[in-house]
Every structure is written in C-alpha cells, then in structure tokens.
Amino acid sequence: VAAAIIRFLDETKLTKKPKTLAAYTTSLNYFSESCSKLSLQDIDRRDLLKFAAFLRDQKEQAPRSCWNKFANVMSFLKASGIRGLVKKNDWPRFTEEEPEIYEDTELDKLFAACDAEERLWFEFFLMTGEREQEVMYTYWSDINLAHATVRVSHKPDRGWTPKAYKEREIPIPDKLVARLKVLKAKCNKTCSLVFPTSGCNVKMNFLDDLKAVAERAKMKKENFWLHKFRATFATRCLWSGIDLRTVQSYLGHTDLESTMRYLKPSRSQKAREKMNEVFA
C-alpha cells in the first residue's frame with residue numbers, strides 16, 4: 001500500500017496542480033492511519049467503511065470534507081486497478097448547500113467603501129466570474145478591449161494553467177471595459193499582468209483586501225469571500241436569460257451539473273409581478 005501511494009503521488013505531481021497534490025496527500029495519509037493493511041489486494045469494503053467513520057469521528061471532518069477525502073482514496077484505488085469495493089450507499093453523505101450570492105445592497109456598500117483601484121479589482125471578479133487564480137494571472141494580452149472580452153489562458157512563463165487545462169473567453173460589460181482602458185493607459189507597459197504588485201509579481205492577497213474593505217464598510221467580513229462574486233455572476237447571467245450552456249462556457253465548468261447549482265429562483269420585481277398575475 002505504501003509503495004502504491006508513493007507511486008500515485010509521484011504521478012499526481014507530474015500531472016496535477018500543487019493544490020490537488022496536497023489534497024490527495026492529506027487524504028492518503030488519513031487512509032494510511034485508518035487502514036493497517038500492507039497489501040492493496042487485501043483492502044476490502046470494510047476498510048473503506050472504517051475510513052469513512054474515521055474521517056467523521058476521529059478527524060472530525062465536515063460531511064463535505066469526508067466525501068472529498070473518500071473520493072480521493074477511491075481515485076487512488078481505481079488508479080491502482082482496484083474497483084467495485086463499495087456500493088453507492090457506502091459513500092459519505094453531505095447536504096449540497098445552495099451557493100450564496102451578494103445582494104445589491106451589499107455590493108453598493110462594498111463598492112462605496114472602495115478606492116478606485118479596489119473597486120476595479122472586485123468589479124472584475126463580479127463581472128467576469130473568474131476564479132481567484134484566473135484573476136491573479138490575467139494578462140493584458142488576455143483582454144480585448146475592442147471586442148469587450150477577456151480570455152482565461154495558459155501562462156507557461158509563470159507555470160500556471162487554467163483549471164482542467166481549459167481555456168475560455170468571457171464577454172465583459174462596457175463599464176468594465178471603460179475602467180480597464182483607464183487602467184491600461186496608466187499602467188506599467190513592461191508588466192504583462194493586469195493586477196500586479198510591485199516588481200510585476202502576482203497579487204496574492206485579494207481576499208485579505210476584500211475583508212478589509214468589508215470591515216471599512218462596517219459589514220461582517222465573514223460574509224465576504226471571492227468565490228461569492230463568481231456565484232453572483234453565474235446567478236445573474238442565468239436570471240437575465242443567458243442559456244445554461246453559455247454560462248457553463250463562461251464559468252469553465254466541465255459538466256452542466258456544476259453550472260445548474262446556480263439556478264436559484266429569481267427574486268426580481270418582475271418575478272413577483274408574474275406571481276401576482278398567476279393568482280389575480
């Protein structure tokens with residue numbers, strides 16, 4: 001088992017991102033703690049059931065974390081040629097929480113507390129739906145101001161690739177285009193990054209800055225995180241009538257089910273008016 005884990009992690013290091021490698025490493029370390037079997041061929045269904053209970057009771061993992069670590073171990077076993085040990089109902093269970101989005105009032109207060117630079121950062125997150133690292137590694141060459149689009153693309157010079165190695169293009173609204181034009185006119189022309197720190201380094205502290213602005217606006221900082229902009233972007237696109245497949249493309253999701261999580265019921269005044277018509 002130990003040799004197989006080392007081999008699997010070595011291969012993961014070659015083919016996956018550091019974050020994925022770290023997740024697999026933690027999961028397999030926990031599995032090694034839970035299971036004392038020396039040979040892969042000796043692992044059975046009971047060992048996996050014990051592992052799920054170990055995560056829940058000994059490591060006190062949240063239900064979603066239990067599922068993720070169990071899935072990582074199942075990927076390891078599958079890669080090692082071992083399948084069919086557990087049934088569907090043997091997997092840890094968790095409740096899929098509805099993605100949270102920012103309300104208009106929250107965004108108004110947040111942006112009012114921002115300076116010009118901060119406002120552009122967080123409007124970019126909101127109006128592109130990009131993940132944190134995608135924003136961090138956005139180059140000016142990714143932005144087409146004439147066609148009002150931004151691309152998520154591979155950056156071999158910085159050793160960065162998009163999630164699932166999937167490049168994509170996202171249309172951006174005119175007001176974001178206008179603000180990017182202003183930024184481009186005064187930016188350092190020798191730096192490829194749109195949002196660099198000094199020395200043309202990648203900006204790593206967007207989340208810290210977001211929480212600082214939330215505190216400045218006298219709002220609870222725990223209610224603000226970067227992925228919530230992405231959820232808001234996706235939900236607003238779907239509410240506006242953009243079809244599911246197109247939003248899937250904007251978000252870079254590999255499966256439609258991930259995009260469908262953002263199909264939240266509309267709370268717009270128009271939706272309320274239609275309800276009044278139904279029960280007039």
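**Close-up views of a predicted model**

At 0% relative accessibility, Thr235 counts as buried (buried means under 20% relative accessible area, exposed over 50%, and partly exposed in between, with a 1.4 Å probe and protein chains only). The structure is a predicted model, in which local features need pLDDT of at least 70 and side-chain atom pairs count only at pLDDT 80 or more, whereas totals for chains, interfaces and linings use all residues. Residues are numbered from 1 along each chain as its sequence is written, and side-chain values use heavy atoms, with hydrogens and water left out.

View A. Thr235 is found in helix α10; helices (H or I, at least four residues) and strands (E, at least two) are DSSP runs, numbered from the N terminus. The side chain of Thr235 reaches the backbone oxygen of Ala231 at 2.9 Å. This is a polar contact, a pair of N or O atoms within 3.5 Å; within protein, one atom must be able to donate a hydrogen and the other to accept it, and residues adjacent in sequence count only if both atoms are side-chain atoms. Not counting residues up to four places away in sequence, Thr235 touches Ile101, Tyr262 and Lys264, where contact means heavy atoms within 4.5 Å.

**View B. Thr25 in helix α2.** Helix α2, residues 18–34, contains Thr25. Thr25 counts as partly exposed, at 24% relative accessibility. From Thr25 to Ile43 there are 18 residues in sequence and 19 Å in space, C-alpha to C-alpha.

**View C. The disulfide of Cys191 and Cys200, with other cysteines.** A disulfide is a pair of cysteine sulfur atoms within 2.5 Å, and by this rule the count comes to one. The bond joins Cys191 to Cys200, with an S to S distance of 2.1 Å. The link of Cys191 and Cys200 is right-handed, with 80° about the S-S bond. Cys191 is buried, at 6% relative accessibility. Cys200 is placed in the loop between β4 (196–197) and β5 (201–202), and its phi is near 60°, a positive value in a residue other than glycine.

**View D. The open sheet β1-β2-β3.** Three strands form an open sheet in the order β1-β2-β3, with antiparallel pairing. The edge strands are β1 and β3, each of which pairs on one side only. Two strands pair if DSSP finds at least two bridges between them. Strand β1 (residues 143–144) and strand β2 (residues 149–152) run antiparallel and are joined by two bridges. Within this pair, Ile143 has Val150 as its bridge partner in β2, and Asn144 stands opposite Thr149. The two strands β1 and β2 form a hairpin with four residues between them, and Ala148 in the turn has a positive phi of about 55°. On the other pairing, four bridges join β2 to strand β3 (residues 168–171), and these strands run antiparallel. The bridge partner of Arg151 in β3 is Glu169.

**View E. The largest nonpolar core.** A nonpolar core is a set of buried Ala, Val, Leu, Ile, Met, Phe, Trp, Tyr and Cys residues joined through side-chain atoms within 4.5 Å. The largest has 55 residues, of which Leu110, Phe122, Leu180, Phe195 and Phe229 touch the most other members. Elements that give two or more residues to this core include α5 (104–112), α6 (116–128), β2, α8 (174–186) and α10 (227–239). Helix α6 gives the most, with seven residues. Leaving aside neighbours within four places in sequence, Phe195 is in contact with Leu120, Trp121, Phe124, Val135, Leu183, Lys203 and Phe206. A second, separate core of 26 residues includes Val1, Ala4, Phe70 and Leu77. In soluble globular proteins, nonpolar side chains tend to be buried together.

**View F. Lys218 in the loop between α9 and α10.** The loop between α9 and α10 holds Lys218. The phi of Lys218 is near 60°, a positive value in a residue other than glycine. Most residues other than glycine have a negative phi. Lys218 counts as exposed, at 74% relative accessibility.
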